Amino acid sequence: MTFAPLAPTVHFEPLEIAPETFLIQQVQPACGQPLFVYINSLVIRGKEPVIVDTGSPANRKQWLEDVFSLVDPVDVKWVYVSHDDVDHSGNLAEVMDACPNANLVCTWAMVERHTNCFDFPLARCRWIDDGESFDVGDRVLAALRPPYFDSPTTRGLYDASTGVYWAIDTFATPLPGVPMQELDDIDQEFWHFGMTLFALGGVSPWLRMVDPAKYAQHVDRIQNLDITTVAACHTPVLRGNRIDEAFAFVRNLPNVECPPLPDQSVLDQIVAATSQPPS
């Protein structure tokens with residue numbers, strides 16, 4: 001394919017972030033900048049193993065190897081897709097083919113929006129919407145919408161047995177270098193700028209339109225959970241004081257101006273810098 005996505009050239013092994021809970025890591029260079037973006041997903045290796053989001057098509061071969069190095073495909077009982085963006089659903093068909101005993105946890109809205117890309121096996125689907133839970137044998141997982149999001153199908157995932165909350169695209173930030181599996185060493189100003197840029201420019205521009213008090217109640221709903229670890233698609237892991245700090249920061253986003261976003265003049269510079277001179 002002429003326009004097939006480029007496979008990542010950097011790979012990090014799955015990272016155990018809580019007992020039997022593993023972060024599947026992909027690293028993508030940011031467009032036109034010496035920065036990096038994580039594209040993460042999860043595997044919960046419990047009594048009834050769960051795959052949480054299915055990675056991106058660009059990383060398909062490595063992602064499948066990473067996931068199935070942790071769990072045998074025939075043992076997977078649940079595939080949880082948080083929403084229908086391609087970096088979360090990019091290998092869904094391959095996973096459902098490889099895992100014949102897996103139920104697909106999705107929603108009516110996801111089926112309606114995504115059927116043009118994937119033929120949902122409805123007899124294997126469980127429609128679990130925001131606020132609902134499902135039992136995976138040794139734990140109950142709760143689908144809870146994160147503080148901000150870019151799809152109406154979005155549901156985060158909370159595991160009370162480990163205190164892990166899958167926040168999806170909330171807390172997304174570019175990184176100045178990798179690996180940075182936890183945020184201990186990131187520059188504070190850079191982190192806040194990155195979260196603002198991604199939240200208001202790339203994920204949820206609607207945050208500037210919301211009532212701050214109503215939004216704060218929505219943030220409270222998640223922050224008041226007994227969270228010990230925040231994992232998400234586009235950020236290193238958050239623990240301890242970083243969790244409180246991150247929630248405090250995103251709580252204020254309705255009152256923050258979005259930084260200027262790259263425009264055509266920036267694209268022209270990127271193209272000029274990356275174009276090869278004729279031989």
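The model is predicted: local features need pLDDT of at least 70, side-chain atom pairs count only at pLDDT 80 or more, and totals for chains, interfaces and linings use all residues. Residues are numbered from 1 along each chain as its sequence is written, and side-chain values use heavy atoms, with hydrogens and water left out.

**Sheet**
- Seven strands form an open sheet in the order 1-2-5-6-7-8-9, with mixed pairing; two strands pair if DSSP finds at least two bridges between them, and strands (E, at least two residues) and helices (H or I, at least four) are DSSP runs numbered from the N terminus.
- Strand 1 (15-18) and strand 9 stand at the edges with a single partner strand each, so one side of each has no neighbour in the sheet.
- Strand 8 (residues 103-106) and strand 9 run parallel and are joined by three bridges.
- Cys 106 stands opposite Trp 127 in strand 9.

**Buried threonines**
- Thr 54 lies in the loop between strand 6 (50-52) and helix 1 (60-68).
- Thr 54 has a relative accessible area of 0% and is therefore buried (buried is under 20%, exposed over 50%, partly exposed in between; 1.4 Å probe, protein chains only).
- Leaving aside neighbours within four places in sequence, the contacts of Thr 54 (heavy atoms within 4.5 Å) include Trp 63, Val 79 and His 88.
- Thr 107, in the loop between strand 8 and helix 4, is buried at 3% relative accessibility.
- Beyond residues up to four places away in sequence, Thr 107 touches Trp 127, Ile 128, Asp 129, Thr 153 and Arg 155.

**Salt bridges**
- The whole structure holds 11 salt bridges, each a side-chain nitrogen of Lys or Arg within 4 Å of a carboxyl oxygen of Asp or Glu.
- Glu 94 and Arg 60 form one of them (3.5 Å, N to O).
- Glu 94 is in helix 3 (residues 92-98) and Arg 60 in helix 1, so this pair ties together parts 34 residues apart in sequence.
- Asp 84 and Arg 113 form a salt bridge, with their closest N and O atoms 2.6 Å apart.
- Asp 84 is buried, at 11% relative accessible area, whereas Arg 113 is partly exposed at 41%.
- A network of salt bridges links Asp 138, Arg 139 and Asp 159.

**Surface**
- Leu 122, in the loop between helix 4 (108-114) and strand 9 (125-127), counts as exposed because its relative accessibility is 54%.
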